[in-house]
Amino acid sequence: MENQSKEIMSDEKANDLLGKLTNDLDLSIIEEFIKDNKTEFKHNGKEYRCRLINLSEKEELNELRKKKYSSLMQQKDKEGNFVNLTIEKWKEVYKAQGINIDELEKKLKSLQQEKIMLDLKLGQDIANNSPISLQKETKDKIEQIKLQIQILNIKKSDLMEYSIENQLIIFVSEVIAYLSLEVKNGSEWAKAFNSFEDFKKCIDEELIKKIAIRSLLLQIC
Amino acid sequence: MLIESKIRELAKSDKYMNLFYATKELNGIRLFRNDCDFSRIQHMFLNYLYFYEIIFKEIANKKINDFILTNEIYEDAYYYWKSKNINKEEKTDKKVNTYFHVSNKIKFPEEKSNG
């Protein structure tokens, strides 16, 4: 019973997270970015833009990533134990507590396989002009599986939140946001922050939110 | 996942479908401000333009019902099924065409004997 209620709470949390993401992304930002690989916005009377990072900035990103990876791997607590763990190590820790990530991954694979079979069936039904009600029935089944896959993926990334791999992904997205952000000075564009440390000290939450939404696009690039 | 849906929404729109056809037909009309070094998001957008071009052609040729456009799941399922069956269709088409040409159109020259 207790396990069941935990399961329900987790599903609700996952759905909530999906909903929040949907609301935050504006179509016009994506359109602007697709056209030109950059997107401009105004904030507190200043003009900002996020753009693709160039080759030298990519090298800077790589250097920062290497340093971060090295420090995450070596960081120890007062007792001399390593503070950060890789995904594989976390799997072992969770397994000892009765949470089997490999089982979760197996379930994900089997759901994906089930979805492929249903996709083929639905595609065939569409090609044969089968009754709409039959197509809708299969579509609903696929929708349910997709939702289950999304929820399981969110659960998995929730459990792996503190893994070295995940911390690196978050770090890289912050560095990309810093490297790609420029501010207009007169007619020229210049770096909005002098260094990554300055960027990290920024307390303007509204600006950070605007950058974060746009940096989602940059991560695809 | 979410961004992909938004990119699809743009690619599927009349505005971008028309622009896509125009770029193929006319010189000087461009989809992007850059001519080369396309970013991954631009490649993704291009892929979806081709994806919807195929879907819209199938609807125009009355191969499928436009009901498919009501949900991404229908579009994906049909496209996936089509990609898996395209080789079979090509083989069938080739057989039909070969039969047609050989039986009705081509007059092979008679072989002349050297003797």
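Colleague: In which loop of chain B does Lys62(B) lie, and is Lys62(B) buried or exposed?

Modeller: In this predicted model, Lys62(B) is placed in the loop between α3 and α4 of chain B, and its phi is near 60°, a positive value in a residue other than glycine. Most residues other than glycine have a negative phi. Because 9 other C-beta atoms lie within 10 Å of Lys62(B), and a count of 12 or fewer is the cut-off for the exposed class, Lys62(B), in the loop between α3 and α4, is exposed.

Colleague: Where in chain B does Asp37(B) lie, and why does Asp37(B) count as exposed?

Modeller: Asp37(B) belongs to the loop between α2 (14-25) and α3 of chain B, and its phi, near 50°, is a positive value in a residue other than glycine. Asp37(B) counts as exposed because the number of C-beta neighbours inside 10 Å is 8.

Colleague: How many helices and strands are there in chain B, and what percentage of its residues is buried?

Modeller: Chain B holds four helices and zero strands, so that its elements, read from the N terminus on, run α-α-α-α. Among its contacts with a separation of 6 or more, 51% join residues 24 or more positions apart. Of the 115 residues in chain B, the buried share is 15%.

Colleague: Which element gives the largest share of the side of chain B that touches chain A?

Modeller: The contact takes 28 residues from chain B and 29 residues from chain A. On the side of chain B that touches chain A, the elements that give two or more residues are α1 (2-12), α3 (40-60) and α4 (72-105) of chain B. By class, this side of chain B has 16 nonpolar, five polar and seven charged residues. The largest share of this side, nine residues, comes from α4(B).

Colleague: Which residue of chain A does Phe45(B) touch, not counting residues up to four places away in sequence?

Modeller: Phe45(B) is one of the members that touch the most others in the largest nonpolar core. Within chain B, and leaving out residues up to four places away in sequence, Phe45(B) touches Ile7(B), Leu10(B) and Ala11(B). In chain A, Phe45(B) touches Ile34(A).

Colleague: Which residue in the hairpin of β3(A) and β4(A) takes a positive phi?

Modeller: Strand β3 (residues 181-185) and strand β4 (residues 188-191) of chain A pair in the antiparallel sense over four bridges, and the bridge partner of Glu182(A) in β4(A) is Lys191(A). The hairpin has two residues between the strands, and a positive phi near 65° is taken by Gly186(A).

Colleague: How far apart in space are Lys89(A) and Ser163(A), C-alpha to C-alpha?

Modeller: Lys89(A) is found in helix α4 (residues 87-96) of chain A, and is partly exposed, with 13 other C-beta atoms within 10 Å. Lys89(A) and Ser163(A) are 74 residues apart in sequence, while their C-alpha to C-alpha distance in space is 8.6 Å.

Notes. Residues numbered from 1 in each chain as written. Chains lettered and ligands numbered in written order. Predicted model: local features only at pLDDT ≥ 70, side-chain atom pairs only at ≥ 80, totals over all residues. Contact = placed C-beta atoms within 7 Å. Nonpolar A, V, L, I, M, F, W, Y, C, P; charged D, E, K, R; others polar. Buried ≥ 20, exposed ≤ 12 C-beta atoms within 10 Å, placed from the backbone. Core = buried A, V, L, I, M, F, W, Y, C linked by C-beta atoms within 7 Å. Pairing = 2+ DSSP bridges.
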